[in-house]
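Thanks for making time this morning.

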Amino acid sequence: MTYAPNGTKGELRASKRQLATVIDLNKCMGCQTCVVACKNLWTVREGTDHMRWMNVTTYPGKGYPRDYEHKGGGFRDGVPQTGALTTMADCGDSFRFNHDAVLYEGKGSSVWMHPVGSDGKPPEWGYNWDEDSGGGEFPNAFRFYLPRMCNHCTHPACIDACPNNALYKRDEDGIVLLDQERCRGHRHCIEACPYKAIYFNPVTEKSEKCILCFPRVEKHVAPACNRQCPGRTRAFGFLDDEDGQVHQLVRKWRVALPLHPEYGTEPNVYYVPPWSPFAYAGDGSLTEQMRIPLALLEELFGPDVHRALKVLADEREKKRRREDSELMDILISRTWEDRYAEFTAAPLEPHVAGTGGKPK
Ligand code: SF4
Ligand code: SF4
């Protein structure tokens, strides 16, 4: 349990330092390990079935919660925008399979396995419903995976929207937390967040959100989603830590970009944009045209994506010529420890005697 301090909105959203996550979309394989790591740790309580504080869906697709990009919220020119609520159905029905009929009632050869929604009907939507569907036409179809979580924004619309001042940013690391004691379940935060990263718990009748694993972070253990990623896809650390990969990718090389910067909340999850496979011409020959439309990437990451892709292409070319590329070495990350700056303590041994929780 954490408690929000008293203060003005300006004080509640101020922080001296900011933690951030970088996700390399060229390395994400959609394995859902980060999702399961978070789900097992934080949302196995009553009323949290539909919550995935960490989620990974295929893009293009409706995302999670369904159609979050079209539900408003955030700011335009600093002015708060009207937003819609998300429903539990948007997060995906908690459907079951007819295991009993197929496995235990002797009907295995006449009944096939199928999902049944909570209303007894075949489900029409679920988490990661669009998995691997993608866009484009064969042979130029394309897709990529888009992991999403609360962005622990620098200007969080959720903090501004709460009439009870239940949401606040931690001064020491910029983590945005929601005080369960102060929350009255009005859900204005859900309407206001343009990323729809807050969920309503129908049992407690309060809102809940990602806490960036702050009890782990305080002991120098990276958040579970980042730490468990088997692909070295994710980096984590303070934005102002010049030695950390987060700083180097976001501030120095500027190849990691925020998702939908036009939402105006200054998010602190950054993405290395996906490098597209080349498209085939009508005669089957390979062209130099990108399969993933640049307009789509611009829609997601803003106009700066063109510069970022050019930097990535130039640095990749250096490696091809067997020259050194600091950027490519960062993106490859030969050891997992490189990814997490000062947050490399083991989750099961956070209290290493005499080291303040840091690894020996
Ligand atoms: S992503 Fe949404 S919930 Fe998270 S800090 Fe930003 S506005 Fe708040
Ligand atoms: S664990 Fe890593 S590779 Fe797997 S889905 Fe999450 S970000 Fe992608």
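A residue counts as near a ligand if one of its heavy atoms lies within 4 Å of it. By that criterion, ligand 1 is surrounded by Cys 150, Asn 151, His 152, Cys 153, Pro 156, Ala 157, Cys 158, Val 176, Cys 193, Tyr 195, Ile 198 and Lys 209.

Before going on, please keep in mind that this is a predicted model, in which local features need pLDDT of at least 70 and side-chain atom pairs count only at pLDDT 80 or more, while totals for chains, interfaces and linings use all residues. Residues are numbered from 1 along each chain as its sequence is written, chains are lettered from A and ligands numbered from 1 in the order in which they are written, and side-chain values use heavy atoms, with hydrogens and water left out.

The shell of ligand 1 has nine nonpolar, two polar and one charged residues, where Ala, Val, Leu, Ile, Met, Phe, Trp, Tyr, Cys and Pro count as nonpolar, Asp, Glu, Lys and Arg as charged, and the others, Gly among them, as polar. Around ligand 2 there are 13 residues, the closest being Cys 28, Cys 31, Gln 32, Cys 34 and Cys 229, and that shell divides into eight nonpolar, four polar and one charged.

Asn 128 sits in the loop between strand S6 (115–116) and strand S7 (144–148), helices (H or I, at least four residues) and strands (E, at least two) being DSSP runs numbered from the N terminus. Asn 128 counts as buried because its relative accessibility is 12%, the limit for buried being under 20% relative accessible area (1.4 Å probe, protein chains only).

Now, which residues of H11 are buried? They are Val 305, Ala 308, Leu 309, Val 311, Leu 312 and Glu 315.

Finally, in the largest nonpolar core, with 85 residues, Val 22, Leu 167 and Phe 301 touch the most other members. Its largest share, five residues, comes from H11. Such a core is a set of buried Ala, Val, Leu, Ile, Met, Phe, Trp, Tyr and Cys residues joined through side-chain atoms within 4.5 Å.

Definitions and conventions:
Buried < 20%, exposed > 50% of the residue type's maximum accessible area, 1.4 Å probe, protein only.
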